[in-house]
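Below is a brief report on one protein model. Look over the sequence and fold, then read on.

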Amino acid sequence: MTTRTESVDTPAGEARITWHRAPEPALVLAVSHGAGGGIEARDLQALAAALPARGITVALVEQPWRVAGKKVAAAPKVLDEGWRGLWPALAESGLPVVAGGRSAGARVACRTAAELGAAGVLALAFPLHPPGRPEKSRAAELTGAGRPALVVQGGRDPFGRPEEFPPPGAQDPYELVEVAFADHGFAVPKKADTTQEDALLTITEAVGEWLGRLPV
């Protein structure tokens, strides 16, 4: 695996891509961070470490607001603008690109996947609703992605537990994998009947297996 970081100018400002390249890649998995953190998130780092050996290049994307050092994420429209602006750099190799992200980054991927021609959508810790506000559902963003999708969700995520997600329909197929005992950041309590290492292995194995089945 080789690692390289590049800056990309977008209409929303300078973005940054850190490439974790597979020796002989079959596709690119581009994943962005959420509104409360960066690409140092445990799930993003686990994917970047595990997937290149399976022929998947992982591109960790830092949105312009994060590169600029701001503490608060930009508005959804601006996030989408930044993602669209850096997409040509993600697709430059000619390989199929799967759009992904965690939390707010997952919403961006869902909203833009069809128009950008993404091969699929990976939604890590999808924020189905604000904590304690299930009536404010964002399910339509997920079910309207228009691409094969995988949701990886913590079993105790306050932004939406796995059982709260609507069943996938024929027109909006998606798969959902639960990470037992995990919260929105995929952290598991020390007293849980699993370990943090096992939780991350659940994520990397589920994502790797799903990517291997994508019709690309």
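## Nonpolar cores

The largest nonpolar core has 35 residues. Ile-17, Trp-83, Trp-87, Leu-90, Phe-126 and Leu-142 touch the most other members. Such a core is a set of buried Ala, Val, Leu, Ile, Met, Phe, Trp, Tyr and Cys residues joined through side-chain atoms within 4.5 Å. Buried means under 20% relative accessible area (1.4 Å probe, protein chains only).

Phe-126 has contacts (heavy atoms within 4.5 Å) beyond its neighbours within four places in sequence, including Ala-106, Cys-110, Leu-142, Val-151, Phe-159 and Phe-165. Arg-107, Arg-138, Glu-141 and Gln-153 are also in contact with Phe-126.

## Basis of the model

This is a predicted model: local features need pLDDT of at least 70, side-chain atom pairs count only at pLDDT 80 or more, and totals for chains, interfaces and linings use all residues. Residues are numbered from 1 along each chain as its sequence is written, and side-chain values use heavy atoms, with hydrogens and water left out.

## The sheet

Eight strands form an open sheet with mixed pairing, in the order S1-S2-S4-S3-S5-S6-S7-S8. Strands are DSSP E runs of at least two residues, numbered from the N terminus; two of them pair if DSSP finds at least two bridges between them. S1 (2-10) and S8 (174-179) are the edge strands. S6 (residues 120-124) and S7 (residues 149-154) pair in the parallel sense over four bridges. Val-121 has Ala-149 in S7 as its bridge partner.

Terms used:
Buried < 20%, exposed > 50% of the residue type's maximum accessible area, 1.4 Å probe, protein only.
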